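Trainee: Before I read anything into this model, could you take me through its features one at a time, giving the general idea and then the case at hand?

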Amino acid sequence: MTDVSLTPATQGRSLWADAWNRLKANKAAMVSLWYLLFMGVICIVGPWFTPHDFTTIYQDYTRVPPSLEAYPKANAIDLAVKDAVKRSRLDLVGWQERDGKVFITLTSAKPIDERVTRYIDRSDVFEGAQISEKSTDGMTMTISADVQKKYFFFGTDNNGRDLLTRTLIAGRVSLAIGLLAGLVAVFIGVLYGAISGFAGGRTDEVMMRIVDVLYSLPFIFFVIMLVVFFGRNFVLMFLAVGAVLWLDMARIVRGQALSLKRQEYVQAAEALGVSPGGILLRHVVPNLLGPVVIYMTLLVPQVIILESFLSFLGLGVQEPMSSWGVLISQGAKNIPSATWLLIFPSFFLTTTLFALNFIGDGLRDALDPKDR
Amino acid sequence: MLRYVLRRFLTAIPTLFVIVTISFFLMRVAPGGPFNQEKGLNPIIKANLERVFHLDQPLWKQYLLYLNNLIHGDFGPSYNLPDFTVAELFADGLPISIELGGSALVLALLFGGILGIIAALYQNRPADYAVIATATAGSTIPTFVIAPLFQLFFALTLKWFPVGGWGDGAFINKVGPVLTLMLPQLAIVARLMRGSMIESLRSHHIRTARALGLSDYSVIIKHALRGALLPIISYAGPAAAALLTGSIIVETIFSIPGVGRYFVEAALNRDYTLVMGTVVVIAIFTIVFNLIVDILYAVVDPRVRYD
């Protein structure tokens with residue numbers, strides 16, 4: 001008898017490793033994945049690094065267009081000086097700018113109160129105003145103040161809030177809502193669909209009729225009723241949105257469960273005496289996960305669109321919080337004069353939706369076993 | 001066939017009944033009422049109003065009353081637009097919504113269909129990729145982004161079209177709303193058509209037709225297209241029902257006096273009759289178009305028979 005050399009068994013490729021390799025080969029999906037990651041990071045971390053807070057109102061900078069240069073622009077300083085002086089009810093003699101400081105010379109018929117510097121400080125353009133010169137009769141005074149350099153890369157909105165910070169905060173909200181409501185929908189849908197599919201028979205019949213009836217109700221009616229019930233409460237509302245979107249998931253999972261139940265390998269496992277829990281873990285869950293993951297990635301953009309849609313109607317996220325839908329609806333109302341209010345949030349929303357869709361398509365190709 | 005249609009109409013009645021019942025009670029469980037205003041109405045006036053509209057009666061009585069009126073074709077008065085009945089509001093707005101939605105649907109089916117066929121015939125070539133790119137863009141960018149962008153570029157910058165308004169139905173006023181309504185539908189139709197056409201072109205009867213030496217035109221239009229139409233038809237049914245009953249977004253952005261706006265406004269104002277009217281109209285449209293889809297199935301696919 002000759003020795004049979006035992007070659008080591010080749011490393012088996014799991015479903016997931018296989019899918020990951022296929023996904024890696026899909027350029028559009030990989031670019032989208034990186035883009036989405038990038039978007040997530042800048043939306044979460046970004047607002048801490050932008051120079052403005054998303055609620056801060058700069059009265060002197062309402063609706064300024066986006067610019068890479070610092071504000072104030074040259075002629076804006078002039079305006080700001082005149083504005084501040086007008087409020088102080090004093091007469092302006094003249095002003096000049098020297099290395100980041102302005103020197104404003106004021107005069108009045110009466111001696112000038114020293115607290116006048118507050119009027120200068122109150123402007124968003126200046127800070128640290130102090131008296132540098134004072135005439136002996138106290139009727140002429142020169143005040144020096146630092147010019148505050150402010151950057152508004154995306155411009156500001158009607159109230160003078162920085163659009164860059166608001167867009168990032170809005171992204172945080174939109175993405176979080178997408179994920180949260182998506183998870184709720186998947187959880188309810190999988191549970192409902194799996195029970196319906198595995199129970200079968202009469203239970204299945206009744207459970208699916210309920211889904212059919214819910215389907216035939218106008219969807220937006222349902223959502224509005226939920227909004228009415230839960231009020232404009234942020235978290236509750238999106239749990240509600242998730243609770244509306246589970247219907248498709250339930251149908252998909254039920255179909256899968258029905259067909260899985262009749263697969264030979266499941267029957268074989270049953271015949272071999274594998275416990276139901278074992279069958280569930282070894283055969284059912286891995287086979288359900290594919291469609292669930294695919295559907296989830298396609299559900300997230302749907303939720304984001306739905307949230308934006310509700311916000312567009314004024315039912316969603318409330319001020320001063322913001323979401324991409326809120327920003328777009330404000331932008332749509334301001335298009336003749338302030339196009340950037342529409343363009344930037346639209347760009348962020350649309351590219352994110354594209355990325356999510358490409359990832360969903362990529363996952364479908366990667367996870368669909370029939371495609372091999 | 002006639003018998004089948006009749007039977008379908010009869011089965012539609014219980015469906016409609018269930019929808020009406022659920023919406024009626026869902027609406028009433030929600031807190032608030034049509035005459036709860038922020039300022040607070042004089043309680044005597046409020047009581048009078050509620051008596052006139054039978055809102056002071058027990059819920060089950062109101063429900064039976066509403067059902068009775070509905071069977072007699074009476075949708076009731078609108079609570080928040082007190083000069084109009086719900087039927088009048090629909091008579092004014094529905095033709096406008098139907099015209100816009102119908103045009104958008106027809107154009108989407110026509111151009112989406114043509115694009116899908118072109119993509120299928122030139123599969124994996126530049127024309128195909130162009131169609132796929134258009135379809136992806138069209139189905140990804142939401143309407144509430146497309147509509148203001150359309151206004152920005154075509155109305156405000158290029159000044160080709162008015163920004164909004166109905167203009168007594170002038171053609172130029174319809175371009176924007178129809179295009180924005182059409183684009184997402186066109187994208188989906190093109191994608192569906194491409195998929196089913198590719199499959200259809202691979203089937204045996206097409207190979208046979210080609211082998212028999214039929215012209216390209218005859219093979220593609222007469223034989224392949226017919227087999228590829230089924231998914232499009234089943235998509236077009238629900239899409240038609242949704243489009244013809246008006247879009248909230250498009251009608252709001254373009255200031256169109258259709259019926260799409262009523263739903264949200266009415267639900268928020270607890271205008272019970274108007275909400276119920278909208279629910280019933282949408283349900284009827286859905287049922288009718290699903291029936292049309294099933295009949296068209298039999299027309300397109302001779303294997304489908306309804307006896």
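Trainee: How many residues of chain A are in contact with chain B?

Mentor: Bearing in mind that this is a predicted model, 28 residues of chain A are in contact with 28 residues of chain B. The elements of chain A that each give two or more residues to this side are α6 (201–216), α7 (219–230), α11 (276–312), α12 (324–333) and α13 (340–367), and the largest share, seven residues, comes from α13(A).

Trainee: What classes of residue make up the side of chain A that touches chain B?

Mentor: That side has 21 nonpolar and seven polar residues, with no charged residues.

Trainee: Turning to the chain itself, how many helices and strands are there in chain A?

Mentor: Chain A has 13 helices and four strands. Its radius of gyration is 31 Å, whereas the globule rule gives 21 Å for 372 residues, and because the value is well over that expectation, chain A is more spread out than a compact globule. Along the principal axes, the C-alpha trace of chain A spans about 115 × 65 × 35 Å, and buried residues account for 40% of the 372 residues in the chain.

Trainee: Among contacts in chain A between residues at least 6 apart in sequence, what percentage join residues at least 24 apart?

Mentor: The figure is 67% for chain A.

Trainee: How should I read the sheet, and in what order do the strands of chain A lie?

Mentor: As a general idea, strands of a sheet pair through backbone hydrogen bonds, in either a parallel or an antiparallel sense. In chain A the four strands form an open sheet in the order β1-β2-β4-β3, with antiparallel pairing. The edge strands are β1 (91–98) and β3 (126–134) of chain A, each of which pairs on one side only, and the twist from one strand to the next averages 20°.

Trainee: Over how many bridges do β3(A) and β4 of chain A pair?

Mentor: β3(A) and β4 (residues 140–147) of chain A pair in the antiparallel sense over six bridges, and, to give one position you can find in the view, Lys134(A) stands opposite Met141(A) in β4(A).

Terms used. Residues numbered from 1 in each chain as written. Chains lettered and ligands numbered in written order. Predicted model: local features only at pLDDT ≥ 70, side-chain atom pairs only at ≥ 80, totals over all residues. Rg over C-alpha atoms; globule rule 2.2 N^0.38 Å. Buried ≥ 20, exposed ≤ 12 C-beta atoms within 10 Å, placed from the backbone. Contact = placed C-beta atoms within 7 Å. Pairing = 2+ DSSP bridges. Axes fitted to C-alpha atoms, helices over the stretch in contact; angles between N-to-C directions. Nonpolar A, V, L, I, M, F, W, Y, C, P; charged D, E, K, R; others polar.
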